[in-house]
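Reader: Could you walk me through this model, starting with the interior?
Author: Gladly; here it is.

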Amino acid sequence: MKGLVQRLLDGDRRAAARLITRVENDRSRAFELMKEVYPHTGEAHIFGITGPPGVGKSTLIESLTTKLREKDQRVGIIAVDPTSPFTGGALLGDRLRMNTHSDDRKVFIRSMGTRGRLGGLSWATPEAIQILDAFGCDTIIVETVGAGQAEVDIMRAAHTSIVVEAPGLGDDIQAIKAGVMEIGEIFAVNKGDKEGADSVVFQIEAMLDLNPALKEDGAWRPPVVRVSSFDGSGMDDLISSMNDHRAYLQQEGRIMEKEMSMARQDLMMLMQEAVSCRFYEGGEEEDAFEAAVERIAIRGSDPYTELEGLLSG
Ligand SMILES: Nc1nc2c(ncn2[C@@H]2O[C@H](COP(=O)(O)OP(=O)(O)O)[C@@H](O)[C@H]2O)c(=O)[nH]1
Ligand SMILES: [Mg+2]
């Protein structure tokens, strides 16, 4: 029988699903398989889509996917759902609905919980992206809920970051946090069918005007696109902006900069995980870690000495 990786490369959807489950549940063993998968990655364009809950990210992805399918693209969608560290369950129950595409063999949809990891991605998200890349997806869309570190995470894991906003979410200008202004390479103002969308577009444009870096030669000025996932208006403009950004990255070695930043993010996450799993997520050396904590708490030692001890042990 063919191995799981070979079946993935042959375009077997079940193999893709099973591999993702493995990297979620049995990580260090799955890394052996990822070594075989990785050489087959690097073809897909990865889009991160972030924004506050309720702006319509999932709905937008669904209509975008319809458009991409008209061009016969193979599409991979990963929705990262923040899970509560207290209950272990999904915080928002933000499962992708996506019924429109559930029978389409060229669309792969997967929800993943963050499983208590701080930040916008779960430990296994980078591998899930790689698996879908090797599976042959032309476009991979990763949905994360915008909440501080989440945006930074997704920006570093994607070629193009799309920030979604919408009218009617309370104080518009406050919903558009300063942090997202820096990470958005495209702004999609969703719910364009509703009143107030123009005002949101205007406010984002005004905030972008304040950034002198965007006026520099060769800088990418993020387009602000008004869309409606309900009536489909603006969706072609959004697709053009996505293509424009992709073309922009192809110029003057910018893609290499992106690839470096993505590789840095992948490796940093693995290193953080290696340390946290080794010492405090039920790892083998948790006892040593806890003993060090106790020594520090009673002032019998200090964190700096203990760090040296743990890492050299
Ligand atoms: N009027 C309007 N409502 C929308 C639009 N897109 C999404 N919604 C609604 O907004 C709500 C949140 O959508 P969802 O996609 O789950 O948002 P997410 O939390 O950002 O993923 C749902 O009730 C959608 O039906 C749109 O373009 N126009
Ligand atoms: Mg959603």
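Reader: Which residues of the largest nonpolar core touch the most other members?
Author: This is a predicted model, in which local features need pLDDT of at least 70, side-chain atom pairs count only at pLDDT 80 or more, and totals for chains, interfaces and linings use all residues. Residues are numbered from 1 along each chain as its sequence is written, with chains lettered from A and ligands numbered from 1 in the order in which they are written. Of the 63 core residues, those touching the most other members are Ala16, Ala128, Ile131, Leu132, Val142, Ala188 and Val189. A nonpolar core is a set of buried Ala, Val, Leu, Ile, Met, Phe, Trp, Tyr and Cys residues joined through C-beta atoms within 7 Å, and buried means that 20 or more other C-beta atoms, placed from the backbone, lie within 10 Å of a residue's own.

Reader: And what is Ala188 in contact with, leaving aside its neighbours within four places in sequence?
Author: Its partners are Leu60, Ile162, Val164, Val225, Val227 and Leu238, contact being C-beta atoms, placed from the backbone, within 7 Å.

Reader: Switching to strands, why is strand 1 largely enclosed?
Author: Strand 1 (residues 45-51) is largely enclosed by the rest of the structure because 6 of its 7 residues are buried; strands here are DSSP runs of E, at least two residues long, numbered from the N terminus.

Reader: How many bridges join it to strand 4?
Author: Strand 4 (residues 139-145) runs parallel to strand 1, joined by 7 bridges, and Ile46 has Ile140 as its bridge partner there. Strand 1 also pairs in the parallel sense with strand 5 (residues 160-165), over 4 bridges, where pairing requires at least two DSSP bridges.

How values were computed: Buried ≥ 20, exposed ≤ 12 C-beta atoms within 10 Å, placed from the backbone. Contact = placed C-beta atoms within 7 Å.
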